[in-house]
Amino acid sequence: MYNIQTLNAISPKGLNRLPADRYTVSDHAIDADAILLRSFKLHDYPFSDNLLAVARAGSGTNNVPIETLSERGVVVFNAPGANANAVKELVLAGMLIGCRNIGPAMDFVRGLQGTDAEMSVVVEASKKQFTGFELPGRTLGVIGLGAIGVKIANAARSLGMNVIGYDPTITIERAWQLDSDVEAAPNLDALLAQSDFITFHVPLIDSTRNLINTASLQKLKDGVVLLNFARDGILDDSAVLAGLESGKVYAYVCDFPSNALRANPRVVTLPHLGATTREAEENCAIMVADQVRDYLENGNICNSVNLPNVKLRRTGLARIAVVNQNNPDMLGKISHVLGQTGVNIAHMLNDSKGNMAYTLMDVDSVVNEDTRVALAAIPGVLKVRLL
């Protein structure tokens, strides 16, 4: 039996992918083999030595201590693309909210008094102050062309917008998915200078923190609409508020409330709704449950943020999975131990990601515990499993 611990509410549609005859799922599992979570902050969490995998039912992993888990040989999974449509739809709504002055207009209506006839007169006399502008022909800048950014770029093109994208690490897969009319910005400054709308879809790391700050604010086109449905901290709130005051920024729509932001009439801030749809939560849960199950039962890795994707069809009598540091001659040392114990490798896949590596081997004979211990004793080996 595998013990699965859930640290947040995970959609039953995902948990049902874990057969009850092989998996125990609870929010208080002891010595869990895997942890499933959404927003729970894991950085100070005590991990069991039995832990094999952590899976976040979402795309970002800022709440997961990836380096700490890597040092323990624990695979960290996420669910890239599972919530992409939900975020795409909210960004599109955000563009319309920003350019059509929906927030200030709603506040105006809420403050109306008098009879219906009196309010109608005031509305007709006042509506011009909320005159906005339309999307076709405007330029959208998309910073980050992963699963979400690509969907937004393509949707904006279908609405008649010009689209500029910037992502120096875009994958071949995402590039193929991108509308051919999306222009590639040579650098971030070029995108900032040309865009009427800018949406951000990058993780919060040192290089993306405060991408919009006092200095970069001056590079923006006058009257730009900014949208942040990625991570709090990518835009410097004080710089954005200064831009709103000067007119450099027309509107700001984001998913991360603060007291300063919510008090500004040109800001619409939402309670972190980006991926909060039934469909997105179900898709994320299904994806991570399937990934965790395939890893626990077969050693296959898909959508890991700290280890390479490795998938091997079973061909031998037994399977060995090894997580190790990406050091020279690790394969040689592993093969030497197996050779000494008379174990022949029938099929093997090995790959690396950064300073981590993973080897999945099908062998022609049953492997005993002594062999596993010998493999685990190799310097640099972090985790060995017999499957």
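A nonpolar core is a set of buried Ala, Val, Leu, Ile, Met, Phe, Trp, Tyr and Cys residues joined through side-chain atoms within 4.5 Å. The views below come from a predicted model.

**View 1. The largest nonpolar core holds 31 residues.** Six residues have the most contacts inside this core: M95, L140, M161, F197, L227 and F229. Helix α3, strand β6, helix α6 (147–158) and strands β10 and β11 each give two or more residues to the core.

**View 2. F197 and its contacts.** Residues up to four places away in sequence are not counted here. V225, in β10, stands opposite F197.

**View 3. An open sheet of seven strands.** The strand order is β8-β7-β6-β9-β10-β11-β12, and the pairing is parallel. β8 (183–184) and β12 are the edge strands, each pairing on one side only. Inside the sheet, strand β9 (residues 197–200) pairs with β10 over four bridges, in the parallel sense. Strands of a sheet pair through backbone hydrogen bonds.

**View 4. Two helices against the sheet.** Helix α3 (residues 84–99) packs on the sheet and touches β6 (139–143), β9, β10, β11 and β12. The direction of α3 makes about 145° with that of β11. Helix α10 lies across β10, β11 and β12. α10 runs at about 140° to β11.

**View 5. Helix α10 and its buried face.** Which residues of α10 (residues 237–246) are buried? They are D237, A239, V240, G243 and L244. Seen down the axis of α10, these buried residues fall within an arc of 165°, so they line one face of the helix. An α-helix has 3.6 residues a turn, so residues three or four places apart point the same way. E245 and S246, on the other side of α10, are exposed. The cover over the buried residues includes α9 (214–217), β10 (224–228) and β11 (249–254). α11 (259–262) and β12 (267–269) are also part of that cover. Just after α10, G247 takes a positive phi of about 95°.

**View 6. Cysteines without disulfides.** The count of disulfides comes to zero. C254 is in no disulfide, and the nearest cysteine sulfur, that of C99, is 17 Å away. C254 is buried, with a relative accessible area of 0%. How far is the sulfur of C284 from the closest cysteine sulfur? The distance is 14 Å, to C302, too far for a bond. A disulfide needs the two sulfur atoms within 2.5 Å. C284 is buried too, at a relative accessible area of 4%.

**View 7. M287 in helix α12.** Helix α12 spans residues 278–298 and holds M287. Is M287 buried, exposed or partly exposed? M287 counts as partly exposed, at 25% relative accessibility. Neighbours within four places in sequence are left aside here. The contacts of M287 are then N78, A79, P80, A82 and N303. L52 is 235 residues from M287 along the chain, and their C-alpha atoms are separated by 17 Å.

Definitions and conventions:
Residues are numbered from 1 along each chain as its sequence is written. This is a predicted model: local features need pLDDT of at least 70, side-chain atom pairs count only at pLDDT 80 or more; totals for chains, interfaces and linings use all residues. Side-chain values use heavy atoms; hydrogens and water are left out. Buried means under 20% relative accessible area, exposed over 50%, partly exposed in between (1.4 Å probe, protein chains only). The arc is that of the directions from the helix axis to the C-beta atoms. Contact means heavy atoms within 4.5 Å. Two strands pair if DSSP finds at least two bridges between them. Axes are lines fitted to C-alpha atoms, for helices over the stretch in contact, and angles run from 0 to 180 degrees between N-to-C directions.
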